[in-house]
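Here are a few exercises to work through with the model open beside you. Try each task before you read its solution.

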Amino acid sequence: MPVKTLTIDGQLITSPAEQTVLDAARLHGIKIPTLCHLDGVSEVGACRLCLVEIAGSNKLAPSCLTAVAEGMAVTTNSPRLQEYRKMIVELLFAERNHVCSVCVANAHCELQDLATAVGMDHVRFEYQFPKLPVDVSHDQFGIDHNRCVMCTRCVRVCDEVEGAHTWDVAGRGHNARVITDLNQPWGDADTCTSCGKCVQACPTGALFRQGATVAEMEKDKQKLAYLVESRARRASK
Amino acid sequence: MPGNHPSGDKRFKLLDAAMKKHQFRADALLEVLHTAQELFGFLQPDLLIYIARQLKLPPSRVYGVATFYHFFSFTPKGEHSCVVCLGTACYVKGAAALQNAVEKELDVKAGQTRSDGKASVSIARCVGACGLAPVAVFDGEVAGGLTAEAAVKRVKGWLEHGSG
């Protein structure tokens, strides 16, 4: 197996050639914040929280999509990166209606954890307060677009793990939304198998199990990684 | 499977031919959507579902791609159309006033169609005729060096006797 040697935050690391900087860092206990990354599905590099500095390049690189290279020197936590990450989280909060105190995912929310981790104490940007719908037409689950951060984890898990591809992104820019089938109510989307993987994949309270009230919606993303791993193991037998 | 739409609408035959030309490949979705919009004027849900089935694509993907591009329309277009160019050159030459005047005369906002279906107004980023700025396209015909009065005169005719 070809191996690359690189330094991450001054720590000398050997890593298999096909690994990403994010994987290599995590394997060695270096924490890089992520949001759109989900173990078991493909990377899109959309959230920009995992940006790192690579010596010799002016551009910041998303560590989830950057392969390790020989002699690479990576910095994961410079003041510049900290400032950018904080700003990204603030922008996410300002874009839709993230009101933790009345959210099903309160205390189990990746966005909330990120805000704590980057030390966000206020939002410098004007809140948009968009008027967004909540769809509870499905008999088990619901989607609250007010809480959605457009990480597209539900879209990828539905396509890659469940194979149904009920979810996708419609519209563009500010008007982009995750949709089911032809932008119809979730309950009418006949490609949906009601497997609930999207609910487990969602980092916030946007996708939830019906009947869950404030702070009751705990997600188990390990389940998805486990599912993908055991399938791969069976396939290689 | 390649097959005709049960409605027997001839336009579906042409759409089938376009899909066949691309061997029903999923990555020809954009070309097929273009053809569909040309044939039907706008994309209604059952048309999108038909395309999704034929290309073996999830409906959400087809809808997602179609809504990403401003080119595609999901509501029927009016009998007449007025496209006001808001490119830099036209904008400097007063395209915003042009747009306001047309919107006011037709009583409809850009991107929408009058409720009586007589006319729709839309905006374009640049129609590529900057030398003629400000430019508007009336029913596919480019008109340059426009004033608000001239534009209003053009669209007024549509409401009165239904022909431009």
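**Exercise 1.** Which helix of chain A do the buried residues of H3(A) pack against?

*Solution.* A quick note first: this is a predicted model, where local features need pLDDT of at least 70, side-chain atom pairs count only at pLDDT 80 or more, and totals for chains, interfaces and linings use all residues. Residues are numbered from 1 along each chain as its sequence is written, while chains are lettered from A and ligands numbered from 1 in the order in which they are written.

Step 1: find H3(A), residues 110–118, and pick out its buried residues: Glu110(A), Leu111(A), Gln112(A), Leu114(A) and Ala115(A). Buried means that 20 or more other C-beta atoms, placed from the backbone, lie within 10 Å of a residue's own. Helices are DSSP runs of H or I with at least four residues, strands are E runs of at least two, and both are numbered from the N terminus.

Step 2: look at what these residues pack against, and you land on helix H2 (79–95) of chain A.

Step 3: step just past H3(A), where Gly119(A) has a positive phi of about 75°.

**Exercise 2.** Describe how H3(B) and H4(B) pack in chain B.

*Solution.* Step 1: get the geometry. H3 (residues 45–55) and H4 (residues 59–68) of chain B meet at an angle of about 120°, and their axes are 9 Å apart. That makes H3(B) oblique to H4(B), oblique being what is left once you take out angles under 35 degrees (roughly parallel), over 145 (roughly antiparallel) and 65 to 115 (roughly perpendicular).

Step 1: list who makes the contact (C-beta atoms within 7 Å). H3(B) brings Leu48(B), Ile49(B), Ile51(B) and Ala52(B), and H4(B) answers with Pro59(B), Val62(B), Tyr63(B) and Ala66(B).

Step 2: sort them by type, and you get eight nonpolar, no polar and no charged.

**Exercise 3.** How many residues of chain A are in contact with chain B, and which element gives the most?

*Solution.* Step 1: count 14 residues of chain A against eleven of chain B.

Step 1: check the elements giving two or more residues to chain A's side, namely strands E8 (167–170) and E9 (177–180). E8(A) gives the most, with four residues.

Definitions and conventions
Contact = placed C-beta atoms within 7 Å. Axes fitted to C-alpha atoms, helices over the stretch in contact; angles between N-to-C directions. Nonpolar A, V, L, I, M, F, W, Y, C, P; charged D, E, K, R; others polar. Buried ≥ 20, exposed ≤ 12 C-beta atoms within 10 Å, placed from the backbone.
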